[in-house]
Amino acid sequence: MTLEDFTESAMSRKTVSKAVMAVLRRAQAENRLTCGLLPAIKLLEMDPDSALFCIMPQSSQGNAALHIQTVLLQAFCYENDIHIIQVDSSEKLGDIVTGKDNGPRLDTSCVLVHQPWATDQPELSKWEQQLVGFCHKTLDEYPQPVIKLPAL
């Protein structure tokens with residue numbers, strides 16, 4: 001099944017993008033985000049079960065060390081059943097997580113969304129459920145689909 005088949009049958013690309021934004025904003029409000037590659041790696045080393053999504057921008061060319069770390073993090077996520085969502089832009093991801101003009105920018109080389117039970121929420125939200133479904137449907141696709149985030 002291709003991304004086009006999936007999105008035509010279940011969710012449009014726009015809906016997936018909205019779901020990513022809604023999940024990020026809610027997780028931020030509930031203090032369920034870890035931003036940055038190194039903080040994410042440290043958290044996953046201590047408690048991999050606490051992560052629900054690993055949201056990563058498309059890798060850029062030129063930084064081999066960052067690329068290697070990213071690939072290893074993705075492999076770790078696959079091994080530990082953490083859903084990986086690839087987005088089109090680190091800048092757009094930063095705008096969603098930090099706000100366009102709200103002070104210093106957070107490192108958005110990787111953004112972990114923690115499980116809702118980490119904040120006493122026993123169930124996934126509607127948007128989280130939709131993203132989990134999207135991740136399951138596109139798991140075997142290569143290359144993985146890249147979600148285009150809207151510019152804020």
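Analyst: Helices (H or I, at least four residues) and strands (E, at least two) are DSSP runs, numbered from the N terminus. This is a predicted model, where local features need pLDDT of at least 70 and side-chain atom pairs count only at pLDDT 80 or more, while totals for chains, interfaces and linings use all residues. Residues are numbered from 1 along each chain as its sequence is written, and side-chain values use heavy atoms, with hydrogens and water left out.

User: How many of α5's nine residues are buried?

Analyst: "Buried" is under 20% relative accessible area, exposed is over 50%, and partly exposed is in between (1.4 Å probe, protein chains only). Across the protein, 45% of the 152 residues are buried. In α5, the buried ones are K92, L93, G94, D95, I96, V97 and T98. Helix α5 is mostly covered, then, and the count is seven.

User: What do those buried residues of α5 pack against?

Analyst: Packing here goes by contact, which means heavy atoms within 4.5 Å. One partner is a helix, α2, and the strands are β1 (33-35), β2 (51-57), β3 (83-87) and β4 (111-114). In short, the buried residues of α5 pack against α2, β1, β2, β3 and β4.

User: Which exposed residues sit on the face of α3 turned away from its buried side?

Analyst: Start with the buried residues of α3: L37, A40, L43 and L44. These pack against β1, β2, α4 and β4. The face turned away from them carries L38, K42, E45 and M46.

User: Are α3 and α4 roughly parallel or roughly antiparallel?

Analyst: Axes are lines fitted to C-alpha atoms, for helices over the stretch in contact, and angles run from 0 to 180 degrees between N-to-C directions. Helix α3 (residues 37-46) and helix α4 (residues 64-79) pack at about 30 degrees, with axes 11 Å apart. Under 35 degrees counts as roughly parallel, over 145 as roughly antiparallel, 65 to 115 as roughly perpendicular, and the rest as oblique. That angle makes α3, relative to α4, roughly parallel.

User: How many charged residues are in the contact of α3 with α4?

Analyst: L37, L38, I41 and L44 of α3 meet L66, Q69, T70, L73, F76 and C77 of α4. Ala, Val, Leu, Ile, Met, Phe, Trp, Tyr, Cys and Pro count as nonpolar, Asp, Glu, Lys and Arg as charged, and the others, Gly among them, as polar. The contact has eight nonpolar and two polar residues, and the charged count is no residues.

User: How many charged residues does the contact of α2 with α6 have?

Analyst: The axes of α2 (residues 13-29) and α6 (residues 126-137) come within 9 Å and cross at roughly 130 degrees, so these helices are oblique to each other. T15, V16, K18, A19, V20, A22 and V23 of α2 touch W127, E128, Q130, L131 and F134 of α6. By class that's eight nonpolar, two polar, and for charged, two.

User: How far apart in space are Q58 and I147, C-alpha to C-alpha?

Analyst: Q58 lies in the loop between β2 and α4, and its 43% relative accessibility is why Q58 counts as partly exposed. Leaving aside neighbours within four places in sequence, Q58 is in contact with Q86, V87, D88 and V146. Q58 and I147 are 89 residues apart in sequence, yet their C-alpha distance is 9.5 Å.
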